[in-house]
Amino acid sequence: MWGGRQASPPREVWIDVFKNCTGAIVTLGDIIDRSLINEADKLFIISTYSVGVDHIDVKAATEKGGIYVTHTPEVLVEAVADLAMGLLIALARKIVLGDKLIREGGIYDKWGGWLLGSEVHGATLGIIGLGNIGTALARRAKAFDMKVIYWSRTRKPHIEFALGIEYRPLESVLTESDFVVITVAATPETRHLINEERLRLMKKTAYLINVARGDIVDTNALVKALKEGWIAGAALDVYEEEPLPSTHELTKFDNVVLTPPHIGSATYETRERMAEVAVRNLINVLMGKRPLYLANPEVLSIRPLQALI
Ligand code: GLV
């Protein structure tokens, strides 16, 4: 399964599923909005094969008699943190550009044989959003001898203490960091959290990496920042527009690394575990048991669990 936002069956298929089924397994590409949920007279559970539930109108599901919405956090944490670290190193050491120059033969003509990058060890990593993924990334960064600072809606003193990392206001994370990695959840409040004004706060030598959700970064502002050199580069695993058209302005920059959307969790092992959790969530609810991960726990009192199979 791809897991990006593009592989959804046609709307009529979903209307049919939502009208007639007791449970549905969906993924990020499936936009489960209020109008679809309103068709769901028999539906008991929407189990998404993703940690994010921003493609589902969870409030509408709760209001539709208490439809359970379940998801797959935790099992993908380490894989996404690995990708974030990989993107960070790829940017710092220009690995993707180096590969391109070798293949195109431009390394000597264009760069005089030099391809200097930035150091990772000793640099400051700023993490925006210290949830499970942000914490797993902080652990990796400490092992690379980086200084780690973070901003999160809720301060986490126990993690600061355990990992030796420091809290900062958002603006200070942006001004102090050599690498800024976004791992915050997508909510209406985090939409365009990284806008023109905040991008301008970053060091000219700093890199921005987004492995969370595309619309946390204002793409137009990012393109402007890259064009005008406010930052040194960016790496993205998520986009405001998914799939990103191959002609998009972001594809024109040598200092930008782009991965197909949401490959953060795309390892054989992690995707298998996510599938197991998604199915387990579904079966549990249909058997009248608590799912492993419930995104709208208030449904427990609206429509108490009961065995349906
Ligand atoms: C990935 O982006 C997910 O929400 O699982």
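Which residue in β9 is the bridge partner of Asn210? In this predicted model, that partner is Leu236. Residues are numbered from 1 along each chain as its sequence is written. Local features require pLDDT of at least 70 and side-chain atom pairs pLDDT 80 or more, whereas totals for chains, interfaces and linings use all residues; side-chain values use heavy atoms, without hydrogens or water.

Strand β9 covers residues 233–236, strands being DSSP runs of E with at least two residues and helices runs of H or I with at least four, numbered from the N terminus. Four bridges link β8 and β9 in the parallel sense, pairing being assigned where DSSP finds at least two bridges between two strands. With helix α11 (residues 219–227), these strands form a right-handed β-α-β unit: viewed with the strands pointing away, the path from the first strand over the helix to the second runs clockwise. β9 also runs parallel to β10 (residues 256–258), joined by three bridges, and Leu258 is the bridge partner of Leu236 there.

In a regular strand, side chains alternate between the two faces of the sheet. In β9, Gly233 and Ala235 on one side and Ala234 and Leu236 on the other are all buried, that is, under 20% relative accessible area with a 1.4 Å probe, protein chains only.

The largest nonpolar core has 39 residues, of which Leu125 and Met146 touch the most other members; such a core joins buried Ala, Val, Leu, Ile, Met, Phe, Trp, Tyr and Cys residues through side-chain atoms within 4.5 Å. Helix α4 supplies its largest share, 10 residues. Because domain 1 (11–71 + 268–302) and domain 2 (77–261) both contribute residues, this core lies between them; the bounds come from an automatic or database domain assignment. A second, separate core of 32 residues includes Leu236, together with Trp151, Leu222 and Leu250.

Key:
Buried < 20%, exposed > 50% of the residue type's maximum accessible area, 1.4 Å probe, protein only.
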